[in-house]
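Please keep the sequence and the structure in view while reading.

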Amino acid sequence: MLIRQSKNSFIRIYDNGILGYITNQLTRHDRTYIESGADFLSQITREPKDIESIVADLTKIYDADIETIRTDFMDLAQDLAYHKFVVVGETTDELDAQDLEFSYAMENPKTLAEDFTQITGENPDRTTQDYLMQHDIKKPRLACLQFELTSRCNERCIHCYIPNGKKNTGFDLTFDRFKHILDQFAEMGGINVTLSGGEALMNKDIEKILRYCREKDLQISLLTNLISLNDEHVKVLKEVNVSLVQVSLYSMTPEVHDMITTVKGSFERTKSAIEKLYDADVPVQISCPVMKANKEGYDKVIQYAQSMRMKSNTDYIMMAQADLDTSNLANRLSIEETEKVVRNIMDFDKDYKEQTLLQEPISSVPIEELCQMPLCGAGINDLCITVNGDIYPCAGWQSFVVGNVFKQSLKDIWENSPKLAEIRKVKRKDFPKCLTCEARDYCAMCLVRNYNESGGDMFKVNKHFCDVAFLTKRIVEEYKSKGLI
């Protein structure tokens, strides 16, 4: 009997073999295992292995009879196979036949998972991500790294948080420098890499970069406007089994989309590229940030995504520019306009009602535990790198530089940066009014939004965020009272 991990699964072993982690980019499920479970998981690789050989190796570690070890390992293997993490069979052909590939013809192409509860015989009392966050608070683990592959961009979107001056004088990250950084990330146990810009596809080495990410066995996400997508890009994205391509589409009315991007013809090019990726069965998520310019037609974008069986999302909050300039917020919706959008989303966005609203509310967390929770994973399990080597905690926080990877190693910055230490100390208790706020379950407040909008004060919460949280609470409770949720 043979076993190997599925082509959509990624395995990492942390803490000197104590903690094992496996995630599947197709089902969007993941698991953690400790001690003996981590040892068992570490035996599973991308190459098929004979289960009897694995059991024999495990007998060298554990003082137990071979039948007990075989039974325990088979229990793990069968459970992982049932949940699509691994494939098990008598021959390599049988393994390949069982392994799933992403396709829009699947029953649920956005994700195989209908319920994100971890279904195991152990019945864990928290999600894997909650467990890992508690682990990472105590011992930060760099799991996700976002690269700005180029500061150049072929659009000038009116709401963008990246200043146009940076795009006008932009340049690319060289492949050699990218490779050097990625090697360090992989050595540290990194698992997810996000490629962005600027416009990522403008980097002349994008195909080499994608292939090298696959060579390092990383889960790959690409953020792009797609207007320069070509056939070679499509071929490589399929070849490397990209986890997700995220693209912004602002309206199904070409003139509105083009007005937001300020590039004539960008709608037709982006829409054509989306459909080219659809034909190639490359997973796409369509994002539609909502602002004054597209508030009357954004819902048609979500309906278009649904018709293509693609993931979709909206964001009606908007972020100030990374250089602390707030002029782009002139495009932000007023609270009255936001109410109309939220009601519209409640009426037609099935994903929002069935996934977002069913997540465990923050109010269910005991106050003592809530006080010690960070607001997000910035600087705790993820970082971003710009083309000049500067590192910052998350994509929009480019004025808060924590180190430079051209001058220091990635590991040194991660472990010793004073600014990262500063960020890691920030907990929800530092926002005492928010701890017991009636709208805390609907709040989208984050440190970088605070920072960019307040002239550099991460602790100053903008009133607009609070107003939107209370608005959303009122609307959701109204829908619940009418039995619409």
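The largest cavity is lined by N8, Q25, L26, R28, F102, P109, K110, N241, V242, S243 and P283. A cavity is a set of points on a 1 Å grid over the protein atoms alone where a 1.4 Å probe fits but cannot get out, and lining residues have an atom within 4 Å of a point. Its volume is about 80 Å³, and the structure holds four cavities of 30 Å³ or more. The lining comprises five nonpolar, four polar and two charged residues.

The model is predicted: local features need pLDDT of at least 70, side-chain atom pairs count only at pLDDT 80 or more, and totals for chains, interfaces and linings use all residues. Residues are numbered from 1 along each chain as its sequence is written, and side-chain values use heavy atoms, with hydrogens and water left out.

Buried means under 20% relative accessible area with a 1.4 Å probe, protein chains only.

In strand 7 (residues 144-148), four of the five residues are buried. Strands are DSSP runs (E, at least two residues), numbered from the N terminus, and two strands pair if DSSP finds at least two bridges between them.

| Partner of strand 7 | Bridges | Direction |
|---|---|---|
| Strand 8 (residues 192-196) | five bridges | parallel |
| Strand 13 (residues 382-385) | four bridges | parallel |

F147 stands opposite L195 in strand 8, while L145 has L383 as its bridge partner in strand 13.

Technical notes:
On a 1 Å grid over the protein atoms alone, a cavity is a set of points where a 1.4 Å probe fits but cannot get out, and a pocket is an open set with protein on both sides within 12 Å along at least five of seven lines; lining residues have an atom within 4 Å of a point. Grid points are joined across faces, edges and corners, and a volume is the space filled by probe spheres set on the points. Ala, Val, Leu, Ile, Met, Phe, Trp, Tyr, Cys and Pro count as nonpolar, Asp, Glu, Lys and Arg as charged, and the others, Gly among them, as polar. Buried means under 20% relative accessible area, exposed over 50%, partly exposed in between (1.4 Å probe, protein chains only).
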